[in-house]
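Here is a briefing on one protein model, arranged by topic. Please read it alongside the sequence and coordinates.

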Amino acid sequence: MARIFALGDLHGCNEAFHRMLFDKIKIEKTDKIYCMGDYIDRGLQSKEVVDTIISLREQGFFIHTLRGNHEQMMIDSDDSNEHFEHWFNNGGDTTLNSFGIEKFAEMPVKYRQFFLNTKFCISTANYIFVHAGLNFMREDIFEDKDAMLWIRQFKPDQPALKNKILVHGHTPKPLEEILLQTGNCINIDGGCVYNQNMIYGNLVAISLPGKEFIVERN
């Protein structure tokens, strides 16, 4: 049976990403890896993170990529000066430096396509993977794409989940809180990029269906 892993927000932390994949998980081509989005911004290696994912896919690994709010801010940044400034001031400057460009429109096609092809949500027979969460106030929990990118406080509606496990990131949590999680709504954002803060700075993955947490300090 294929192993399933979900990884929390990366934010340009490619070295921790490498150690997680190759030292901790020891990735195999039969694995299914779900990345929760926010590959870019704040950390210094946004391009390297994306290069890692693209390279693994080219080698035949199954890497599924969710879209985070930071990818959306970048995609929207070409729409207006206001959108550009909003992204730039939320870590976009480090992404521009990493790619050696001045705006998203200048990004090489293969990288633009990578970001544009990210998924808002991936629902399988047993799991729902999404960056931020879901709007359980809606009759259709898959309708609100803004919530998938931005929502922070939500109470999962159990009938709507239909016994699936919801895995998300977006809101950094101290490691001790992450490790104590039970139930079927699990946040795996350990605030990897915030490694100067002792309660964050952790890249967290979860192995499914066993719900085993795997931690790599950035």
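This is a predicted model: local features need pLDDT of at least 70, side-chain atom pairs count only at pLDDT 80 or more; totals for chains, interfaces and linings use all residues.

Residues are numbered from 1 along each chain as its sequence is written, and side-chain values use heavy atoms, with hydrogens and water left out.

**Overall form**

- The protein has eight helices and nine strands, taken as DSSP runs numbered from the N terminus (helices: H or I, at least four residues; strands: E, at least two).
- The C-alpha trace spans about 45 × 40 × 35 Å along its principal axes.
- Among contacts (heavy atoms within 4.5 Å) between residues at least 6 apart in sequence, 63% join residues at least 24 apart.

**Aromatic pairs**

- There are ten aromatic pairs in the structure; rings of Phe, Tyr and Trp (its six-membered ring) pair if their centres lie within 6.5 Å, and planes under 30 degrees apart count as stacked, over 60 as edge-to-face and the rest as tilted.
- Tyr-39 and Phe-114 make an edge-to-face pair, with 5.8 Å centre to centre and 70° between the planes.
- Tyr-39 is in the loop between strand S2 (32-35) and helix H2 (46-58) and Phe-114 in helix H5 (residues 109-116), so this pair ties together parts 75 residues apart in sequence.
- Tyr-39 and Phe-114 are both buried.
- Phe-136 and Phe-154 are stacked, at 6.1 Å centre to centre and 20° between the planes.
- Phe-136 is in the loop between strand S5 (127-130) and helix H6 (145-150) and Phe-154 in the loop between H6 and helix H7 (158-161), so the pair ties together parts 18 residues apart in sequence.
- One aromatic cluster is formed by Tyr-39, Phe-99, Tyr-111, Phe-114 and Phe-115.

**Charges over rings**

- Arg-112 lies over the face of Phe-104, 4.4 Å from the ring centre; the criterion is NZ of Lys or CZ of Arg within 6 Å of the ring centre and within 35 degrees of the ring normal.
- The charged end of Lys-145 sits over the ring of Phe-120, 5.7 Å from its centre.

**Nonpolar cores**

- The largest nonpolar core has 38 residues, and Leu-7 and Phe-115 touch the most other members; such a core is a set of buried Ala, Val, Leu, Ile, Met, Phe, Trp, Tyr and Cys residues joined through side-chain atoms within 4.5 Å.
- Elements giving two or more residues to this core include strand S1 (4-7), helix H1 (14-25), helix H4 (81-99) and strand S8 (202-208).
- A second, separate core of 17 residues includes Ala-6, Ile-122, Ile-165 and Phe-213.

**Two single residues**

- Gln-72 is in helix H3 and counts as buried at 14% relative accessibility.
- Beyond neighbours within four places in sequence, Gln-72 is in contact with Arg-67, Phe-120 and Leu-149.
- His-170 is in the loop between strand S6 (165-168) and helix H8 (175-179) and counts as buried at 4% relative accessibility.
- His-170 and Ala-132 are 38 residues apart in sequence and 4.9 Å apart in space, C-alpha to C-alpha.

How values were computed: Buried means under 20% relative accessible area, exposed over 50%, partly exposed in between (1.4 Å probe, protein chains only).
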